[in-house]
Amino acid sequence: MPPRSSVPATPRIISPSPTPSERDAIEYTGPMTRAARRRLATPLPVSEEGNEEDDVPGLRRARTRSRSPVETRPTAGRRTSKKRVTKTAEANTTSTDSTATAPNGDIAVSEKQEKEVNGHLLPPQPAGYTGWGWKDISRSPSPLGLIPIHRHWRAFIHKHEVPRKALHVSIGFFVVWLYLSGTQTLSVCPYLMGALIPIAAVDVLRHHNASFNRFYVKVLGALMRESEFTGYNGVIFYLLGAWIVLGFFPKDVGVVGTLLLSWCDTAASTFGRLYGRYTPRIRTGKSLAGSLAAFLVGVGTSAFFWGWLVPTKGPMPGDELFMFTGTLRLPLLLANAVGLTPAQATISGGLALGVMSLWSGFVAAASEVANVCGLDDNLTIPVLSGLGIWGFLKIFG
């Protein structure tokens, strides 16, 4: 056999490409875009500061910040916070200034550095996000999906709460009818308590029986908010508030307090959901539009009762015990302090009615906005309105 010829060695080609050892040292990160390759190819700045601190015994240096390039361009489908990128850049340039040496030799980290953001992406935000949205005001205060009828009538029952508001407003007209029939406020209180006890008992029972609760909301779901599926029914607080204001205040204050509950609360809810997106938010779930609606309806309700209903359809039994009789006067001490005679410190007629109406509208709007220990507004509106009107007339009436 002829001798096997040796295969010539492959000639070594020297090229500018990295050697295999250099390629192994580079961590593989998968396919990269041109922009990413350009960033990696850009040399990172090297600090020109000296290392004199290394020669000082007992002095420890803070760990330097990572010099990895920071991607500031938003990732597709997500958005980064401009504030966070700016803060991160500022922190990189002032990392040396934000540290100090503690007495024991350790490096003390400033409060600003502790609160520094980590540059993570923000969760997806709605377009045009400005800190709060109109949905916080105008949406229904309860989630959708617990009560079946709310899913079928989303606009009529869940969003606008038409059946619930109709019941709310009708009670005010029922109070007007009771006044025109000459019914005394104290005689209404036993009926209110007679309705309050069984309704509250049924509400407690349904929270201890899931099947009964489902039946309850299936029957009365159109008059409920879905937050009441696991909470107490607002009718309980409505009856309790009406019972307090009619039983513990004079007749005119009690009637007006109940009317403010019936009409001002409904107006605030309706106009707050319609126009609350265009006005500032006063607190969670309360907008300036709703408060203005409650104020205007409160002014009109007070003028309607004391300015038209009482003088036109009255007098009724018990009207002689009214706190507001068409006259307002400054207290004697205050009138003497400003140098006014009793006649000068007294107003009556339309001027007194106007002042009383404005005050009633103010207390109605304030009580609708107020949050008293998280209590239901069906309880706080009549009680706070009654206290406000009673205190005002106690001083100026």
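1. Start with Leu-220. Its relative accessibility is 33%, so Leu-220 counts as partly exposed. The cut-offs explain the label: buried is under 20%, exposed is over 50%, and partly exposed lies in between. Keep in mind that this is a predicted model.

2. Next, place Leu-220 in the fold. The residue sits in helix H10. That helix covers residues 210–220.

3. Leu-220 belongs to a nonpolar surface patch, together with Leu-167, Phe-215, Val-219 and Leu-223. The patch covers about 430 Å². Which helix gives the largest share of the nonpolar patch? Helix H10 does, with three residues.

4. Turn to the cysteines. A disulfide is a covalent bond between the sulfur atoms of two cysteines. How many disulfides does the count give here? The count is zero. For the count, two cysteine sulfur atoms must lie within 2.5 Å.

5. Are Cys-189 and Cys-264 buried or exposed? Cys-189 has a relative accessible area of 8%, so it is buried. Cys-264 is at 1% relative accessibility and also counts as buried.

6. Check the record against the model. An unreviewed UniProt entry lists residues 188–208, 229–249, 255–276, 288–309, 321–340, 347–367 and 379–396 under "transmembrane region". Two of these spans can be followed in the model.

7. Take residues 188–208 to begin with. This span is 90% helix and 0% strand. Its end C-alpha atoms are 31 Å apart.

8. Then take residues 288–309. Here the chain is 100% helix and 0% strand. The end C-alpha atoms of this span lie 30 Å apart.

Conventions:
Residues numbered from 1 in each chain as written. Predicted model: local features only at pLDDT ≥ 70, side-chain atom pairs only at ≥ 80, totals over all residues. Heavy atoms only, no water. Patch = residues over 30% accessible without salt bridge, like charges linked within 9 Å, V, L, I, M, F, W, Y side chains within 5 Å. Areas by Shrake-Rupley, 256 points an atom, 1.4 Å probe, with all protein chains shown as cover. Salt bridge = Lys/Arg side-chain N within 4 Å of Asp/Glu carboxyl O. Helix = DSSP H or I, 4+ residues; strand = E, 2+ residues; numbered from the N terminus. Buried < 20%, exposed > 50% of the residue type's maximum accessible area, 1.4 Å probe, protein only. UniProt positions renumbered as here; feature names shortened; annotations may be inferred.
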